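Biologist: I am new to this structure. Please walk me through how to read it.

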Amino acid sequence: MGQELAGCARCPIQTKDRLCQTENGKSPSFCPTNNYPAAVDAAAEELKKPEILEFARQASIQEAEGYANKEIGYEQVKPIKPRIQETIEFAQRMKYKRLGLAFCLGLRPEAKIVEKLFASQGFDVVSALCKMGRTPKEDIGVRDDQKINIGCFESMCNPIAQAYVMNEEKTEFNIVIGLCVGHDSLFLKYADAPCTVLAAKDRLLGHNPLAAVYTIDTYYRSLK
Ligand code: SF4
């Protein structure tokens with residue numbers, strides 16, 4: 001506390017010369033590698049827990065196995081696995097048996113396919129849709145004119161209930177598909193098992209939120 005806000009997103013140093021990438025590398029004044037030694041030490045301490053260590057180790061191995069051509073040099077490496085394949089492989093590496101699928105009503109066709117894929121790999125899949133429980137939006141103080149289908153009954157998204165189902169079913173790893181901004185936050189907060197996000201919802205951009213970032217100088221310039 002007290003020092004400049006950590007600002008890696010603003011780092012002006014070339015990637016290969018950064019302190020976080022190379023010993024005796026360069027760093028700006030807001031560099032967390034320099035300014036947050038306690039955070040780095042605390043993380044190292046946490047990583048001494050066997051289950052956390054194994055999770056982190058397998059995630060790193062999975063990361064590297066997402067590339068081909070490593071043997072012929074860094075400049076030649078290329079990605080070879082889509083995220084869904086990585087998710088399946090990571091769950092297998094971790095020897096998980098029971099997976100949770102927390103998904104949005106709007107992505108039910110996708111969830112159906114994903115559920116089948118995981119089941120075909122031998123996993124038990126527990127799935128819960130955002131509208132489960134049929135709790136009216138009015139219960140959380142939403143007015144009729146703040147609903148999507150004005151004048152009609154509308155179930156609220158209930159990510160806490162989705163998480164509680166996963167917790168009760170003792171899922172070992174939860175996969176999020178297309179939960180809304182904020183609803184995803186609640187699911188991640190209340191789920192006991194570690195979670196990964198297979199798809200981030202973007203209703204407008206086909207669940208590719210970065211499309212607006214890639215076109216920020218053209219079609220989405222009004223966001224700047
Ligand atoms: S850790 Fe430091 S050197 Fe690395 S990106 Fe962040 S600010 Fe730059």
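Modeller: Strands (E, at least two residues) and helices (H or I, at least four) are DSSP runs, numbered from the N terminus. Residues are numbered from 1 along each chain as its sequence is written. The model is predicted: local features need pLDDT of at least 70, side-chain atom pairs count only at pLDDT 80 or more, and totals for chains, interfaces and linings use all residues.

Biologist: Which strand joins β4, and by how many bridges?

Modeller: Strands pair if DSSP finds at least two bridges between them. Here β3 (residues 98-103) and β4 (residues 124-129) run parallel, joined by six bridges.

Biologist: Through which helix does the chain cross from β3 to β4?

Modeller: Through α5 (residues 108-120), in a right-handed β-α-β crossover. Right-handed means this: with the strands pointing away from the viewer, the path from the first strand over the helix to the second runs clockwise.

Biologist: How do I read a nonpolar core?

Modeller: In soluble globular proteins, nonpolar side chains tend to be buried together. A core is a set of buried Ala, Val, Leu, Ile, Met, Phe, Trp, Tyr and Cys residues joined through C-beta atoms within 7 Å. Buried means 20 or more other C-beta atoms within 10 Å of a residue's own, with C-beta atoms placed from the backbone. The largest core here has 23 residues; L99, L101, A102 and I177 have the most contacts inside it. At least two residues each come from β3, α5, α6 (159-168) and β5 (173-177).

How values were computed. A residue is buried if 20 or more other C-beta atoms lie within 10 Å of its own, exposed if 12 or fewer, and partly exposed in between; C-beta atoms are placed from the backbone.
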